[in-house]
Amino acid sequence: MPELPEVETVRRGLERVLLGQQIVGGEVLLARSFSGVWSDLMGRMVREVGRRGKVLLIGLDQGKTALVHLRMTGQLIYQPQDGSPREGGGHPSVALIRKLPNAHTRVIWEMSSGARLFFNDQRTFGSIKLLEDTELPTEPFLAKLGPEPWDKAFSIAALHRAFQRRSRSSVKAVLLDQEVVAGIGNIYADEALFLSGIHPATPAGALSQTQIKPLIAKIREVLERGIEYGGVSARDYVNAEGLRGRMQEQLYVYGRDGMSCKLCGITLQKLRTAGRGTHVCPRCQSQP
DNA sequence: TGCCCCCTGCAG
DNA sequence: CTGCAGGGGGCA
């Protein structure tokens with residue numbers, strides 16, 4: 001589910017509460033959701049909470065790191081000791097998890113404060129992998145991951161090269177490729193392309209550097225906005241407190257097919273590009 | 001470089 | 001009931 005802004009929101013939430021705490025217990029409720037030596041976690045202290053693309057990196061002492069990939073429906077929810085599950089105050093945008101653990105809880109960590117960290121994952125595509133720090137550079141997914149969107153390496157020239165290399169692929173497919181740039185998913189790809197006036201099905205090779213420059217700016221802008229608004233809660237996403245994000249209200253095209261374009265008023269369409277549901281404005285985005 | 005698939009649940 | 005869902009690995 002979560003793309004970079006959602007994962008970053010979870011990261012910030014966990015960083016506030018997890019640093020310095022030890023893992024003192026817990027349970028794996030679904031075996032395939034955890035890999036590594038479970039007992040190696042016991043007594044480990046959280047020294048940092050990082051992120052690369054859509055992957056969370058929970059750095060532990062004794063040279064270990066827990067790599068958490070939420071995939072489509074993963075959640076990491078921190079519940080303080082005595083933390084009564086927070087009620088949403090009646091507003092739908094902050095409705096949330098009532099009971100933990102629940103039917104989708106796959107892994108639980110018990111922390112030294114008495115708090116618990118719940119890894120929930122309805123579709124079970126996500127996972128927690130406990131690795132030695134020395135294994136991180138060769139971890140297959142991390143090793144291939146492209147630059148962060150704000151990295152200098154994500155430059156006009158580099159994106160132009162990626163587009164030329166896959167010139168017949170759709171521009172959306174290339175943006176979704178985590179080896180090109182890390183962290184963009186279906187929602188933010190659609191949003192960035194809308195804001196750039198580029199149709200997602202445009203062959204990547206057709207884009208000039210003149211078009212790529214503002215595209216990069218819009219990618220960064222929409223991801224920053226996503227973080228600012230605490231991520232998109234279109235379905236399952238909640239932050240580390242179990243609260244929904246507010247970015248869904250800011251979206252221009254994703255999930256708004258059949259509704260009118262916020263900029264020109266025409267009815268938004270949904271199509272399929274790169275195997276994914278794709279949302280476009282037929283007027284604001286020039287046809288490929 | 002596109003598609004099917006992993007899996008579960010929900011809307012149409 | 002079928003089709004689809006914030007991802008991405010493995011297969012033509």
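Me: How is chain A split into domains?
Reply: The assignment gives domain 1 (4-144) and domain 2 (156-280). Keep in mind that this is a predicted model.

Me: What separates their centres?
Reply: 27 Å, taken over C-alpha atoms of domain 1 and domain 2.

Me: And how many residues are in contact?
Reply: On the domain 1 side, 28 residues. They are in contact with 24 residues of domain 2.

Me: What area is buried between the two domains?
Reply: About 2200 Å². Carbon and sulfur atoms give 59% of that area.

Me: Why quote an area for an interface?
Reply: Interface size is often given as the accessible area lost when the parts come together.

Me: OK, charges. How many salt bridges are there across the interface of domain 1 and domain 2?
Reply: The rule finds one. Glu-179 pairs with Lys-144. Their closest N and O atoms are 3.9 Å apart. The cut-off for a salt bridge is 4 Å.

Me: How many residue pairs are in polar contact there?
Reply: Seven across that interface, with both residues at pLDDT 80 or more.

Me: Which elements of domain 1 give two or more residues to the side that touches domain 2?
Reply: Those are α1 (4-18), β6 (74-79) and α2 (140-144). Helix α1 gives the most, with ten residues.

Me: What classes of residue are on that side?
Reply: The side of domain 1 that touches domain 2 has 13 nonpolar residues.

Me: How much of the DNA side is sugar and phosphate?
Reply: Sugar and phosphate account for 67% of the atoms of DNA strand B that come within 4 Å of the protein.

Me: How do the protein residues there divide by class?
Reply: The surface near DNA strand B has one nonpolar, four polar and five charged residues.

Me: Give me distances. What does His-104 lie 3.4 Å from?
Reply: A phosphate oxygen of DNA strand B, counted from a polar side-chain atom of His-104.

Me: And Gln-122? What is 3.1 Å from its side chain?
Reply: A sugar or linking oxygen of DNA strand B is at that distance from a side-chain N or O atom of Gln-122.

Me: Then Arg-123. Which oxygen does its side chain lie 2.9 Å from?
Reply: A base oxygen of DNA strand B. The atom on the Arg-123 side is a polar side-chain atom.

Me: Last topic, backbone. Is the peptide bond from Leu-100 to Pro-101 cis or trans?
Reply: Cis, with omega near -5 degrees. Pro-101 is found in the loop between β6 and β7 (105-111).

Me: And Gln-62: is its phi positive or negative?
Reply: Positive, about 60 degrees, although Gln-62 is not a glycine. Gln-62 is found in the loop between β4 (55-60) and β5 (64-69).

Me: Why flag those two?
Reply: Because most residues other than glycine have a negative phi, and most peptide bonds are trans.

Terms used. Residues numbered from 1 in each chain as written. Chains lettered and ligands numbered in written order. Predicted model: local features only at pLDDT ≥ 70, side-chain atom pairs only at ≥ 80, totals over all residues. Heavy atoms only, no water. Domains from an automatic or database assignment. Contact = heavy atoms within 4.5 Å. Buried area = accessible area lost by both parts, 1.4 Å probe. Salt bridge = Lys/Arg side-chain N within 4 Å of Asp/Glu carboxyl O. Polar contact = N/O pair within 3.5 Å; in protein donor to acceptor, adjacent residues only side chain to side chain. Helix = DSSP H or I, 4+ residues; strand = E, 2+ residues; numbered from the N terminus. Nonpolar A, V, L, I, M, F, W, Y, C, P; charged D, E, K, R; others polar. Near = heavy atom within 4 Å.
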